[in-house]
Amino acid sequence: METAYHYLALSGILTVLLWTPYIAGRLFVWGLPTFLTNYPEGFPKQEPETPLWMDRAKRAHLNMVETMPAFIAVVVAAGLLGDGSNGATVAQWAQIFFFARIVHAIVYILAIPALRTPVYLVSWAAILVIGAQVVL
């Protein structure tokens with residue numbers, strides 16, 4: 001289970017870091033003075049136009065934020081309720097989840113729609129497999 005917890009921690013770090021491209025883009029679009037004062041005048045009704053990649057980066061981050069609670073729940077449950085016999089499989093699926101989420105963010109930000117959903121489904125399946133190992 002130690003490896004599964006390792007990938008759980010890495011996934012948490014990834015979640016925190018996924019906002020970076022969007023925020024960096026916002027800095028360049030808004031400019032440093034506006035960025036440092038929090039919001040441009042008239043925000044949110046009037047907001048400087050952002051490139052589509054920034055919007056996709058924001059959605060990729062939000063998608064990860066929405067997915068993390070389920071991943072946390074199944075990994076922690078596997079650690080608390082597992083009998084130790086499935087630790088390697090849980091670790092493997094936690095690793096698959098982590099790398100699938102990295103690929104998902106890249107594919108999402110670069111707008112490669114044919115890969116976005118399949119990669120997301122791999123991460124989703126990883127959560128379900130870990131959860132099934134806990135309850136079955």
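**Briefing on a predicted helical model**

Phe 99 is located in helix H5, where helices (H or I, at least four residues) and strands (E, at least two) are DSSP runs numbered from the N terminus. The model is predicted, so local features need pLDDT of at least 70 and side-chain atom pairs count only at pLDDT 80 or more, whereas totals for chains, interfaces and linings use all residues. Residues are numbered from 1 along each chain as its sequence is written, and side-chain values use heavy atoms, with hydrogens and water left out.

**Phe 99 and the aromatic residues**

- Phe 99 counts as partly exposed at 41% relative accessibility; buried means under 20% relative accessible area, exposed over 50%, and partly exposed in between (1.4 Å probe, protein chains only).
- Phe 99 and Val 122 are 23 residues apart along the chain, and their C-alpha atoms are separated by 9.7 Å.
- The structure holds 4 aromatic pairs. Rings of Phe, Tyr and Trp (its six-membered ring) pair if their centres lie within 6.5 Å; planes under 30 degrees apart count as stacked, over 60 as edge-to-face and the rest as tilted.
- In the pair of Tyr 7 and Phe 98, the ring centres are 5.7 Å apart and the planes stand at 50°, so the pair is tilted.
- Because Tyr 7 lies in helix H1 and Phe 98 in helix H5, this pair ties together parts that are 91 residues apart in sequence.
- Tyr 7 is buried, at 11% relative accessibility, and Phe 98 is also buried, with a relative accessible area of 10%.
- One aromatic cluster is formed by Tyr 7, Phe 98 and Phe 99.

**The nonpolar core**

- The largest nonpolar core has 20 residues. Such a core is a set of buried Ala, Val, Leu, Ile, Met, Phe, Trp, Tyr and Cys residues joined through side-chain atoms within 4.5 Å.
- Phe 71, Val 75, Phe 97 and Ile 130 have the most contacts inside this largest core.
- Helix H1 (2-17), helix H4 (52-81), H5 and H6 are the elements that give two or more residues to this core.
- Leaving aside residues up to four places away in sequence, Phe 97 touches Ser 11, Met 64, Thr 67, Met 68, Phe 71, Ser 123, Ala 126 and Ile 127; contact means heavy atoms within 4.5 Å.

**Positions in helix H1**

- Ser 11 lies in helix H1 and is buried, with a relative accessible area of 0%.
- Apart from neighbours within four places in sequence, Ser 11 is in contact with Met 64, Met 68, Phe 71, Phe 97 and Phe 98.
- Ser 11 and Ala 94 are 83 residues apart in sequence, yet their C-alpha atoms are 9.0 Å apart in space.
- Leu 10 is likewise found in helix H1 and is partly exposed, with a relative accessible area of 26%.

- His 104 lies in helix H5 and counts as buried at 3% relative accessibility.
- With residues up to four places away in sequence not counted, His 104 touches Asn 63, Arg 116, Val 119 and Tyr 120.
- Gly 131 belongs to helix H6 and is buried, at 14% relative accessibility.
- Gly 131 and Ala 78 are 53 residues apart in sequence and 7.5 Å apart in space, C-alpha to C-alpha.

- Tyr 5, Ile 72, Val 76, Leu 80 and Leu 81 make a nonpolar surface patch of about 490 Å², with areas from the Shrake-Rupley method with a 1.4 Å probe, where for residues only the protein chains shown count as cover.
- Patches are made of residues with over 30% relative accessible area and no salt bridge, like charges being joined within 9 Å and nonpolar side chains (Val, Leu, Ile, Met, Phe, Trp, Tyr) within 5 Å. A salt bridge is a side-chain nitrogen of Lys or Arg within 4 Å of a carboxyl oxygen of Asp or Glu.
- H4 gives the largest share of the patch, 4 residues.
- Tyr 5 lies in helix H1 and counts as partly exposed at 35% relative accessibility.

**The loop between H5 and H6**

- Ala 111 is placed in the loop between helix H5 (87-109) and helix H6 (113-135).
- Although Ala 111 is not a glycine, it has a positive phi of about 60°. Most residues other than glycine have a negative phi.
- Ala 111 is partly exposed, with a relative accessible area of 38%.
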